Amino acid sequence: MNDWKVICRVEDIPVLGSRRVARPRGVDVAVFRNAEDQVFALLDRCPHKGGPLSQGIVFGTSVACPLHNWTIALDDGCARAPDEGCTQRFSCKVEGGQVLLDPVELATLALDLEAPQAGPCR
Ligand code: FES
């Protein structure tokens, strides 16, 4: 059985937006809220070229990456066809209006990936 960690309240996440959860190691986790107040958690790193999904626009149960507009499904972290690839999904639940994540997953999943570095376009 998991010990879930309270992250924030649902209303702390902007509708059709996200909040980032910093981890001691690894890329941040983005926690998204859609128009139906469903909440999802993905690694804040697009499977295309590492764009910050937390800065994307949520629609339905997807987010549009802000860099090249790939559509990433919030429930499994995978790109919608014809694009391919998935980002790490994190377990997430809402209880009593609070958003909870699994601390074991936060501490162990996708630690080998680095956040994209800002720099000149090539
Ligand atoms: S980095 Fe997300 S679509 Fe290219």
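This is a predicted model: local features need pLDDT of at least 70, side-chain atom pairs count only at pLDDT 80 or more; totals for chains, interfaces and linings use all residues.
Local features need pLDDT of at least 70 and side-chain atom pairs count only at pLDDT 80 or more, while totals for chains, interfaces and linings use all residues. Residues are numbered from 1 along each chain as its sequence is written, and side-chain values use heavy atoms, with hydrogens and water left out.

View 1. S54 is buried, with a relative accessible area of 12% (buried means under 20%, with a 1.4 Å probe and protein chains only). Leaving aside residues up to four places away in sequence, S54 touches S18, R20, A30, F32 and D44 (contact means heavy atoms within 4.5 Å).

**View 2. Residues lining the second largest pocket.** The lining consists of R20, V27, D28, D44, P52, Q55, A115 and P116; lining residues have an atom within 4 Å of a pocket point, on a 1 Å grid where a pocket is an open set that a 1.4 Å probe fits, with protein on both sides within 12 Å along at least five of seven lines. By class, four of these residues are nonpolar, one is polar and three are charged.

**View 3. The open sheet β5-β6-β7.** Its three strands pair in an antiparallel manner (pairing requires at least two DSSP bridges). β5 and β7 (71-73) stand at the edges with a single partner strand each, so one side of each has no neighbour in the sheet. Three bridges join β5 to β6 (residues 62-64), and V58 stands opposite V63 in β6.

Notes. Buried means under 20% relative accessible area, exposed over 50%, partly exposed in between (1.4 Å probe, protein chains only). Ala, Val, Leu, Ile, Met, Phe, Trp, Tyr, Cys and Pro count as nonpolar, Asp, Glu, Lys and Arg as charged, and the others, Gly among them, as polar. Helices (H or I, at least four residues) and strands (E, at least two) are DSSP runs, numbered from the N terminus.
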